[in-house]
Amino acid sequence: MSSELRAFFKALITNPKEVSAIFPASKFLARAVIEEADIGSESKILELGPGSGAITKILLPEITQKKNYWGVDINSKMINFLQNKFPGFQFGVGSAAHLKNIIGDQKFDSVISSLPWSVIDETTQRQILDSLFDMMATKSSLVTYVYFQAVNFKKTKHFLELARSRFAKVEKKKLVVLNLPPAFVFKFDR
Ligand SMILES: C[S@@+](CC[C@H](N)C(=O)[O-])C[C@H]1O[C@@H](n2cnc3c(N)ncnc32)[C@H](O)[C@@H]1O
């Protein structure tokens, strides 16, 4: 088993609710998310919930300057793993509900999120979106995904409603079937 899968399953066993996935994102899902994020050579990128780095490992080679990337995850073991695997890139431990405390005052052009919206409680969803909005440049976007079976869960619906009330444009993009489980990609423009 690869070190990435080991890190993922360890986190899943110890923190099943926070991870809320049965498997890391496939390369197909990772590519679909990155494609939607429309990253330019100077873009500043924030990744929320990078986990064991399934998206990160495909994203980072596209980033020309290490200082233009920040990854934030609530799981310190995952962050240690990523810091060792991707030296020089910036990673922080903590909840996405308190981004300013973790990374200070910053503005990002693109946010990629693997946060499990379908299990995050409604108050925390609001705090995360508030905390995130402060960090997003005027013309920026958030790209995220939701497993197909969770799209109609109460908490997912709440998250989508919150996002609709805040973002100028909300789009449900493609369904990536080559992922376990298949996932819908969403894009929110500020
Ligand atoms: C679906 S898993 C990550 C998947 C990752 N893209 C992969 O495929 O390996 C969700 C991640 O979100 C993190 N997470 C959950 N709630 C969080 C929060 N409130 N703030 C920051 N990270 C959080 C978990 O620790 C976990 O690493």
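The questions and answers below concern a predicted model, and they go through its sheet, a pair of its helices and the surroundings of its ligand.

Q: How many bridges join S2 to S3?
A: The strands S2 and S3 run parallel, and within this part of the sheet Val72 stands opposite Gly92 in S3. The number of bridges that join S2 to S3 is four.

Q: Which residue in S7 is the bridge partner of Leu175?
A: Strand S6 (residues 169-176) and strand S7 (residues 183-189) pair in the antiparallel sense over six bridges. The two strands form a hairpin, with six residues between them. In S7, the bridge partner of Leu175 is Phe184.

Q: Are H7 and H8 roughly parallel or roughly antiparallel to each other?
A: Two packed helices are described by the angle between their axes and the distance between the axes. Here the axes of helix H7 (residues 122-133) and helix H8 (residues 154-166) come within 10 Å and cross at roughly 30°. Angles under 35 degrees count as roughly parallel, and therefore H7 and H8 are, to each other, roughly parallel.

Q: How many charged residues are there in the contact of H7 with H8?
A: H7 passes H8 in a right-handed crossing. The contact is made by Glu122, Gln125, Arg126, Leu129 and Phe133 of H7, together with Lys155, His158, Phe159, Leu162, Ala163 and Arg166 of H8. By class, these residues divide into five nonpolar and two polar, while the number of charged residues is four.

Q: Which class of residue has 16 members in the shell around the ligand?
A: There are 25 residues around the ligand, of which Pro24, Gly49, Gly51, Ala54 and Ser114 come nearest. Helix H2 (16-19) and strand S2 (69-73) each supply at least two residues of this shell. Seven residues of the shell are polar and two are charged, and the class with 16 members is nonpolar.

Key
Residues are numbered from 1 along each chain as its sequence is written. This is a predicted model: local features need pLDDT of at least 70, side-chain atom pairs count only at pLDDT 80 or more; totals for chains, interfaces and linings use all residues. A residue is near a molecule or strand if its C-beta atom, placed from the backbone, lies within 6 Å of it. Ala, Val, Leu, Ile, Met, Phe, Trp, Tyr, Cys and Pro count as nonpolar, Asp, Glu, Lys and Arg as charged, and the others, Gly among them, as polar. Two strands pair if DSSP finds at least two bridges between them. Axes are lines fitted to C-alpha atoms, for helices over the stretch in contact, and angles run from 0 to 180 degrees between N-to-C directions. Angles under 35 degrees count as roughly parallel, over 145 as roughly antiparallel, 65 to 115 as roughly perpendicular and the rest as oblique. A crossing is left-handed if the near helix is turned anticlockwise from the far one by less than a right angle, and right-handed if clockwise. Two residues are in contact if their C-beta atoms, placed from the backbone, lie within 7 Å.
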